[in-house]
Amino acid sequence: MAATEEGVTVGAHGDAGPGEDREFLSLERELSLLMRRARARSGEMARQVHPDLEPAAYGLLVCLDDSGPQRATDLAAYIGVGKATMSRQLRAMEELGLVSREPDPADGRAWLIRLTPDGRTRFRTVRAARRARYVRQLQGWDRAEVAELARLLGQLNASAES
């Protein structure tokens, strides 16, 4: 055994010793691979929406399409970035014609960000292609397995928020 990571003895190659938290090491490997692939695909999808769209902005499009108009502060909290970063991203998306700002009827000092018709069309086209790719990738899976994977990922995401 070569090292200890958070109370787990780990071998020289990152594997757990006999009877030790193999499940969590396996989870770490699989999530790391999934996240690397997701980051790469987000960049591809962002470029499909618009060649000049930053990869990180794709998540904003998801949020706006799913939830409708949002305040910039709410979007920043959802994505997990600061106000300055959010402001810069929104300004760039506005310049690309993907989002627009409108006064918030509940607070005249605030603005709501919404997808433009062109932004919505571009985003939904890319999202539909992404969903079709998932259907092809998981065509051998039972629908119940897909639903269980979605449920477990939702549970993982929810636990990460607390």
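The largest pocket has a volume of about 2,000 Å³; a pocket here is an open set of points on a 1 Å grid over the protein atoms alone, where a 1.4 Å probe fits and protein lies on both sides within 12 Å along at least five of seven lines, and its lining residues have an atom within 4 Å of a point. The volume is the space filled by probe spheres set on the points, which are joined across faces, edges and corners. The structure is a predicted model, in which local features need pLDDT of at least 70 and side-chain atom pairs count only at pLDDT 80 or more, while totals for chains, interfaces and linings use all residues. Residues are numbered from 1 along each chain as its sequence is written, and side-chain values use heavy atoms, with hydrogens and water left out.

**Pockets**

The lining of the largest pocket comprises 37 residues, and Leu34, Ala38, Arg130, Tyr134 and Leu153 are the ones that lie nearest its centre. At least two lining residues come from each of helix H1 (22-49), helix H2 (58-67), helix H3 (72-79), helix H5 (117-137) and helix H6 (143-161), where helices (H or I, at least four residues) and strands (E, at least two) are DSSP runs numbered from the N terminus. The contribution of H1 is the greatest, at 12 residues.

The second largest pocket is lined by Arg131, Tyr134, Val135, Leu138, Gln139, Trp141, Asp142, Arg143 and Val146.

| Pocket | Volume | Lining by class |
|---|---|---|
| Largest pocket | about 2,000 Å³ | 22 nonpolar, five polar and 10 charged residues |
| Second largest pocket | about 240 Å³ | five nonpolar, one polar and three charged residues |

**Chain and burial**

The protein chain contains six helices and five strands, which follow the pattern β-β-α-α-β-α-α-β-β-α-α along the sequence. Of its 162 residues, 25% are buried, where buried means under 20% relative accessible area, exposed means over 50% and partly exposed lies in between, with a 1.4 Å probe and protein chains only. Among contacts with a separation of 6 or more, 41% are between residues 24 or more positions apart; a contact means heavy atoms within 4.5 Å.

H2 is mostly covered, since seven of its 10 residues are buried, namely Tyr58, Leu60, Leu61, Val62, Cys63, Leu64 and Asp65. After H2 comes Gly68, whose phi is positive, near 85°.

Leu75, not counting residues up to four places away in sequence, touches Leu60, Cys63, Leu64, Gln70, Met86, Leu90 and Ile113.

A search of the whole structure finds one aromatic pair, a term for Phe, Tyr or Trp rings (for Trp, its six-membered ring) whose centres lie within 6.5 Å, with planes under 30 degrees apart counted as stacked, over 60 as edge-to-face and the rest as tilted. The pair is formed by Tyr58 and Phe123, at 5.4 Å centre to centre and with 50° between the planes, and is tilted. Because Tyr58 lies in helix H2 and Phe123 in helix H5, the pair ties together parts that are 65 residues apart in sequence. Tyr58 is buried, at a relative accessible area of 2%, and Phe123 is also buried, at 0%.

**Two aspartates**

Asp65 lies in helix H2 and is buried, with a relative accessible area of 15%. Leaving aside neighbours within four places in sequence, Asp65 is in contact with Leu115, Arg120, Phe123, Arg124 and Arg127. Asp74, in helix H3, is partly exposed, with a relative accessible area of 41%. The C-alpha atoms of Asp74 and Leu112 are separated by 9.8 Å, and these two residues are 38 residues apart along the chain.

Methods: Nonpolar A, V, L, I, M, F, W, Y, C, P; charged D, E, K, R; others polar.
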